[in-house]
Amino acid sequence: MTELFHPFATVPQDELVARAGADPLRPRFHFVSPAGWLNDPNGVTQWSGTYHLFYQYNPTGAFHHRIHWGHATSTDLVNWIDEPVALSPSEGPDADGCWSGVLVNDAGTPTLVYSGRHGDRELPCVAMGSPDLRTWTKAPENPVIAAPPAGVEITAYRDHCVWREGTVWRQLVGSGIRGRGGTAFLYESEDLRSWNYVGPLLIGDASTGDPGAADWQGTMWECVDLFRSGSGTLGSPSERAAPDVLVFSAWNDGDTRHPLYWTGRYAGDSFEPAKLHRLDYGGRYFYAPQSFVDESGRRVMFGWMQEGRSDAAMAEAGWSGVMSLPRLTTAAPDGTLNFAPMPEIEQLRYGHVQLQPRVLVGPETAGSVPGSGSAVPGIAGNQLDLELELQLAPGAVVRLGLLGSEDEHGNVIEETIVELALPVDSPAATLRLDRNRSSLDPTVDAEEKSGPVPTAEGRFSLRVLVDRSAVEIFANGKPLTARVYPTLGGGRVSLAAAAGSARLLRFDAWTMRDIFGGTRTLFP
Ligand code: DQQ
């Protein structure tokens, strides 16, 4: 066992895998690393039919340290096979970690552009892959950019978005300009090795808005991802095209805040922003997203579902970090993005239960239902896929309870609540996740999450995927992702109106199968 000088690096490798496998809170149909630490999705792509998911990985323990690139493949975006670790830190510019990056097709050669970490700074590096993408050779030219742009005081400098435009490569590197805000520096190259600095694509304003707000822009932009939201190619003539989108994860001095995106128009060497949007109402629970277009033309996005428990609890559990389900990303009619789980996920469903349509009527005193009501007959579990169609009257509040447990008197003592509310005086509905009673463990994060949901006359399509400690919610295409840590293992599901009235038009529920069987190894 390698000796590591880290406070948590005390668990032998086989015990790490055993601990991770035994944790009842570890998801079973989301991708997780074999054990140890997972963070950002990297190099997401479909190559000759096979989907590739690389990820930030520390195989030595459930803490962020000397990051490798883990690798898994899939033919269906659902079932994943562990592949050999793709990148490991080695002497040179990535001696202290192979941080986030992307995969591009360089005239047939799979090529990674990633951030090599040396000491406490990161610089762009390149690695070439074998035709099966299993073996990677680092370019002798690394780092391919020797330093951040001169003459600007930066907050940080890392992560890459690389695309082919005409006859050249273009690259964005995430950064921030001290005293101003986050940015993405634009570069150009003919060979992915020699890069000319063009300038900042767009500079954010960290002084705008409340630094505590869910849409604060941060002082540095991590994991920038630039694409055209509808069909069409980035940089192509754009009169009536869907908006271009610049996704970034707002960061501030080590604090991973939340993913945001600008809609606007990328033209020439800059991005003309129109509007800033929250990408996921769970904030840091869907961090560092990265997307790609698959061979059938669908834009697919993955994000890192961070933990909401302490460093010590993660280390004890032997694992940390969940990859979100892949999300179909589409242009919404109002110019924003809509998200939905990729339909392939449905192959994991079994044990279908359908509830009869019914009217939900809240108590006369609004808010007098503390939780979400009585248990729904026939639907329970901690691996679920739920689909609901609802029609809310103005003033209605509907609550869906998940992962609930009752005491011996039938009182609900743990429960996670998903709430939809349509105010009387405004057409803007709210999706809210109440984690106040999600866990009896007082040390886990229980902060409320919420965001606005567009609705046509009070109609809602609600999709909820529950996978033990991982919850992904989609309300009319707007996502809210979070982690919860129930201690009692309950799977009670409930549904009620907490105020006003609503019609339940459809409620379909399925149990979800596990995607991994057998023992996994840290270094496949
Ligand atoms: N995680 C990576 C960085 C990136 C951050 C390091 C975002 O490259 O900026 O593991 O979570």
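**The second largest pocket**

A: Happy to! The second largest pocket holds about 580 Å³ of space. On a 1 Å grid over the protein atoms alone, a pocket is an open set of points where a 1.4 Å probe fits, with protein on both sides within 12 Å along at least five of seven lines, and lining residues have an atom within 4 Å of a point. Grid points are joined across faces, edges and corners, and the volume is the space filled by probe spheres set on them.

Lining this pocket are 29 residues, and W37, N39, H64, T256 and W304 are the closest to its centre. Two or more lining residues come from each of β1, β5, β9, β13, β15 (255-267), β17 and α2 (311-317). Among these, β1 gives the most, with three residues. Helices (H or I, at least four residues) and strands (E, at least two) are DSSP runs, numbered from the N terminus.

By class, the lining has 11 nonpolar, nine polar and nine charged residues. Here Ala, Val, Leu, Ile, Met, Phe, Trp, Tyr, Cys and Pro count as nonpolar, Asp, Glu, Lys and Arg as charged, and the others, Gly among them, as polar.

For context, the largest pocket has a volume of about 930 Å³. V162, S291, F292, V293 and R299 are the closest to its centre, out of 37 lining residues.

A note on the source: this is a predicted model, where local features need pLDDT of at least 70 and side-chain atom pairs count only at pLDDT 80 or more, while totals for chains, interfaces and linings use all residues. Residues are numbered from 1 along each chain as its sequence is written, and side-chain values use heavy atoms, leaving out hydrogens and water.
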